Amino acid sequence: MAEITASLVKELRERTGAGMMECKKALSETNGDIDAAAEALRKSGAAKADKKASRVTAEGRIAVAQAGGKAVLVEVNSETDFVAKDANFVAFTDAVAQAALASGAADVEALKAAKLASGETVEEARAAAIAKLGENIQVRRIAAIDSSNNVAAYSHGGKIGVLVEVAGGDAEFARGVAMHVAAMNPPYNKAADVPADFVAKEKEIELAKMSEKDKQKPAEILEKIIGGKIAKIVNEVSLYGQPYVLNTDQTVEQAAKAAGADVVRFTRLAVGEGIEKVVEDYAAEVAKAMQV
């Protein structure tokens, strides 16, 4: 049997990210063949990934990558915020974002097959990350822009990611809009983008809130009162109607006009949105374990 040296174990650890004892065991089982040992560890990682696949992943990170007018956001989820801040997890998410940018993957399934700079596919690297970090990890969402216009990709603490496309203006204004979207989370771009059924429903609500005395006012006066309230609501839910976070004396629309710009579109992703988080009761869990 080949000698399993410390340097061989070290090399396998650096190559796979697996623990020392796992590497030593894999090398022993493959008679010191480092390639076979690496493959065995990858298969083991995939098996571990399958076992953890049902565990809820509501934490994680939004990774950003950009090259000129081409930019991507990728949401990668973990089970805990502790792992989300781990350097290995951060490096994995950054590598996935770069793979998304380079491959032009249109969806998560295509991204899983994309190659990282290391030569692994995203899915292979995900399985290895699960084996190393001990948590379920999922590549959940991808968003991309590829345009000849000004494009900004902005990440706020890794928890919120924004892509913005702006016709005209400059890169600085596009970034400012991206920061605004991250902070204010407008559902719509401009007033014209606000759905008619939303406006109709708000009119119903405003009318129901009015006193009987106000409802007796002439129709044109009533329409004016409700119209003013609806205009305020539409401004609150549209990017262009909101006060610009970098200069609250202006609306975003006014800032865009001053910059000679027009916001074409934006995408905002926040970690874990739409995922039902599991609230852990650790005291109850420990008590239950002690009864077994």
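Biologist: What makes S1 and strand S2 a pair?
Modeller: This is a predicted model. In it, S1 and strand S2 (residues 70-78) are joined antiparallel over nine bridges. Two strands pair if DSSP finds at least two bridges between them, so nine is enough. One example is Gln 66, whose bridge partner in S2 is Ala 71.

Biologist: Why are strand S1 and strand S3 called edge strands?
Modeller: The open sheet has three strands in the order S1-S2-S3, with antiparallel pairing. Strand S1 (59-67) and strand S3 (138-146) each pair on one side only. On average, neighbouring strands of this sheet are turned by 15° against each other, direction ignored.

Biologist: How do you know that S4 and strand S5 pair?
Modeller: Seven bridges join S4 to strand S5 (residues 160-168), and the two run antiparallel. The cut-off is at least two bridges, so they count as paired. His 156 stands opposite Ile 160 in S5. These strands belong to an open sheet with the order S4-S5-S8. Its edge strands are strand S4 (150-156) and strand S8 (261-270).

Biologist: Which helix lies across S4, S5 and S8?
Modeller: Helix H8 (residues 171-184) does, running at about 40° to S4.

Biologist: What makes the largest nonpolar core a core?
Modeller: A core is a set of buried nonpolar residues joined through side-chain atoms within 4.5 Å. Here 27 residues form the largest such set. Val 74, Leu 111, Val 122, Ile 137 and Val 139 have the most contacts inside it. Elements giving two or more residues include S1, S2, helix H5 (87-103) and S3. The largest share, seven residues, comes from H5. Another core, of 22 residues, lies apart from it, with Ile 160, Val 177, Leu 239 and Tyr 244 among them.
Nonpolar side chains tend to be buried together in soluble globular proteins.

Biologist: How do you know that the span of helix H11 is close to the one expected?
Modeller: Helix H11 (residues 219-237) has 19 residues. At 1.5 Å a residue, 27 Å is expected from its first C-alpha to its last, and the helix reaches 27 Å.

Biologist: Why do the buried residues of H11 line one face of the helix?
Modeller: Those residues are Leu 222, Ile 226, Ile 230, Ile 233, Val 234 and Val 237. Seen down the axis of H11, they fall within an arc of 100°, so they line one face. They pack against helix H9 (196-209) and helix H10 (212-215).

Biologist: Which residues are exposed on the other side of H11?
Modeller: Glu 220, Lys 224 and Lys 232 are. Exposed means over 50% relative accessible area.

Note on methods. Residues numbered from 1 in each chain as written. Predicted model: local features only at pLDDT ≥ 70, side-chain atom pairs only at ≥ 80, totals over all residues. Heavy atoms only, no water. Helix = DSSP H or I, 4+ residues; strand = E, 2+ residues; numbered from the N terminus. Axes fitted to C-alpha atoms, helices over the stretch in contact; angles between N-to-C directions. Contact = heavy atoms within 4.5 Å. Buried < 20%, exposed > 50% of the residue type's maximum accessible area, 1.4 Å probe, protein only. Expected span 1.5 Å × (residues − 1). Arc of directions from axis to C-beta.
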